[in-house]
Amino acid sequence: MNLNFTSEEKDFQQEVQQFLQQKLPKDIARKTKSALHLSKEECNEWQKILYKQGWAASNWPVEHGGTGWTPTQKYIFANECAKAGGPDVIPFGLKMVAPIIYTFGSEEQKQRFLPDILASNVWWCQGYSETGAGSDLAAMKTTAVKDGDEYVVNGTKTWTTLGQHADWIFCLVRTGPPSTKNQEAISFLLINMHDPKISVSPIITIDGRHEVNEVHFDGVRVPANNLIGTEGQGWTYAKVLLTHERTGIARVAISKDRLVQLKDLVKASPNGEDSLINDAVFAQKIANVEIDLLALEYTELRTLSALSTGQAPGPESSILKIVGTQIIQAIDELYVEAAGYYAMPFVPFQFHEEFEGQHIGPDMATNSSLRYFNNRKTSIYGGSNEIQTNIISKAVLGL
Amino acid sequence: MDFSLSSEQQMIQDSVSRFILNDYDFDTRRKILGSATGYSQKNWNMFAELGWLMLPFAEEDGGLGGSIVDLALVMEEFGKGMVVEPFIATAVMAGGLIASAGEQQQKDDYLPKIMAGELQMAFAYAEPQSRYHLNNVKCRASKTDNGLVISGQKSVVLNGNHADTLIVAARTSGDTSDKSGISLFLVDANHPSVKREGYANVDGHQAADIWFDKTPILGLLGKQDEALPIIENIIDKATLAICAEAVGAMQIAHERTLEYAKTRKQFGRTIGSFQALQHRMVNMFMEHQQAKSILLMAALKMDSNNGSDPKALSAAKSRIGKAANLVAREAVQIHGGIGMTDEIDVGHIFKRLTTIQFLFGSTDVHTRRFASL
């Protein structure tokens, strides 16, 4: 067992630090650190910088333009990025659909889609959930009926993050007879979002943002060669993707940086004549989360270490999503508590660059509630924490 | 011992409850939040007509002489509809300060107008550095040839953007955190030396940050330098009011969650049939019941102690804060994605229950105060 980085890994760490210092736009870093909204253009700008560096796809195989990094290098990159304020890449193209395409797609599909995903030329979104199919995803009803060399798609997907910006959507569709339990009838289809028979309606969340959407398909005709793999295998592909994405799901690096920033905020927060950092009870609350996060970091490292020695991830990896989101939410709550009265004002407009008026409260404080509200989603999406608990109970404990 | 309501109390509770059911449904509230003022003048007039604005005031001041229990009854019902009209800012806090510290002339000048719904007021006490320390006051009143003038900043003043008249806590002597040397002043909110930045809070309530620059006063309220006990007393009363509001809001959050769990089907059965969720909804229920109990304890003790029992009040705020935290989070989580949306009330209850946890002293601050008393 060895905890230290090798000299190659240390060199890599320096290289990443240097890259971030030189290439990460300061404004994007500031906004990421302050949990402010990034525009589509800003996300693209950063992802294209990563692409030029050859670092856009840390998980992809080298043959398709991936980095070929070891798990340790991925860990180093994630930590340095979080420290410097480099935003996460938008996952739908680079992290979600691309692995499906290069694992199960045809040669033609790989050539057609992967280069544009790698270069962030197109935006993708995910069409999984439906109104009646949340935790019970297999209950989805959107149909794709074969008609010649096309599928005709009807139905509505929901919670589609950034669907309003997307050029393409990857969808789970029902290609067999309707029956709730029939996971064999689900297929994986790539659909062009610019089709006039697709409409997108916004869903506003409690933080006042437009992040998620409903996507309606009204007789959309999709070329049959946009089907991934074999008809009826979509459920299997989607599940493979979920297990594929174990690392990084805990967002340890970001939580670590958020705690560092929280402590700075708390040091700078007056508490009458004193500083809030000298409030022993509050300091203890921060410490409790920090200790929990240390444990999680080593849970994640155990998973990485198993992967790097070629073993399958063990039961510890199932914990990452649940504990990771618990910690994200606990940190958000500490920000709200640290903000005190200034957690209350709803003043998102003052974070716009063109805003010239009087700022209400410290920026980190007045943004705290919105982040706290928004991140309630983390224990709901990607398989709710209840579903994750069921998975551990069944698959790990055999209950 | 008798915890049953008197017929008058039953009447008040029924009338507020009817108002919430008939005139304050979720869509109506949304429209109010989206309006130019962020609250409804029509509702405010109705509060006056029905005598609710008279409730916190003594009979000799022209009020109904309502007890703390009466206040809690009204606020619990308000909590069920998440009422955003500035009842606490104008009637409980500003009106309460004038009633407890004002001279007869001041009471005559202000209280009838408050009770008639003709005057909006706000109490400006918190400052950027003060956090929850009511004795920490930098805002200063100094003597000039034309009398006292106030300079300084006040933070997140509830109803501060709509108030015609402000009550400002300012230092007349001593250092920033001295317990003596704080005085209360009536100030014209529309005076040109008063700069106000108004906004809605995340829970929909209206507020403002306010800057005073040599602002002349309309009058001193109570004795100079000796305002702190009066301030503490009125903040305690307002705290009791939001505790009651939280109890009402938690009840709705729990009811909505139960309704949803009994109708939402996944895996071919209602999600309420899953034991893992059943136990969590039972926990929500128990938290709500414990919150309701400690609210009653605090209100009764305050009533039997001339309206003030800091230890009982802090016990209530601490316990209700804990309950509000759990009930709000579980309500959203058990609803899943739909609980995150602006479209249904659960997310809005979540936001109000969040701000209540941190308004007038966080859960920890009140736990500590309870231990110290």
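I started at B:Gly198, which stands opposite B:Ala208 in strand 7 of chain B. I keep in mind that this is a predicted model, where local features need pLDDT of at least 70, side-chain atom pairs count only at pLDDT 80 or more, and totals for chains, interfaces and linings use all residues. Residues are numbered from 1 along each chain as its sequence is written, with chains lettered from A and ligands numbered from 1 in the order in which they are written.

**Hairpin, chain B**

I looked up the strand partners next. Strand 6 (residues 194-200) of chain B pairs with strand 7 (residues 206-216) of chain B in the antiparallel sense, over 7 bridges. Pairing requires that DSSP finds at least two bridges between the strands. Strands (E, at least two residues) and helices (H or I, at least four) are DSSP runs numbered from the N terminus. Strands 6 and 7 of chain B form a hairpin with 5 residues between them. In the turn I noted B:Gly204, with a positive phi of about 95°.

**Helix pair, chain B**

I then checked helix 1 (residues 7-23) of chain B against helix 4 (residues 68-81) of chain B. They pack at an angle of about 15°, with axes 9 Å apart. Axes are lines fitted to C-alpha atoms over the stretch in contact, and angles run from 0 to 180 degrees between N-to-C directions. So helix 1 of chain B is roughly parallel to helix 4 of chain B (angles under 35 degrees count as such). The crossing of these two helices is right-handed (the near helix is turned clockwise from the far one by less than a right angle).

I listed the contacts (C-beta atoms, placed from the backbone, within 7 Å). Helix 1 of chain B contributes residues including B:Ile12, B:Val16 and B:Ile20. Helix 4 of chain B contributes, among them, B:Leu73, B:Val74 and B:Phe78. By class, this contact has 6 nonpolar, 4 polar and 3 charged residues. Ala, Val, Leu, Ile, Met, Phe, Trp, Tyr, Cys and Pro count as nonpolar, Asp, Glu, Lys and Arg as charged, and the others, Gly among them, as polar.

**Domains, chain A**

I moved to chain A, divided into domain 1 (7-89), domain 2 (123-233) and domain 3 (246-396). The bounds come from an automatic or database domain assignment. In chain A, 13 residues of domain 1 are in contact with 15 residues of domain 3. Helix 4 (residues 71-84) of chain A gives the largest share of the domain 1 side, 8 residues.

**Chain A with chain B**

Last, I looked up the interface: 36 residues of chain A are in contact with 38 residues of chain B. The chain A side divides into 19 nonpolar, 11 polar and 6 charged residues.

Conventions. Contact = placed C-beta atoms within 7 Å. Parallel < 35°, antiparallel > 145°, perpendicular 65-115°, else oblique.
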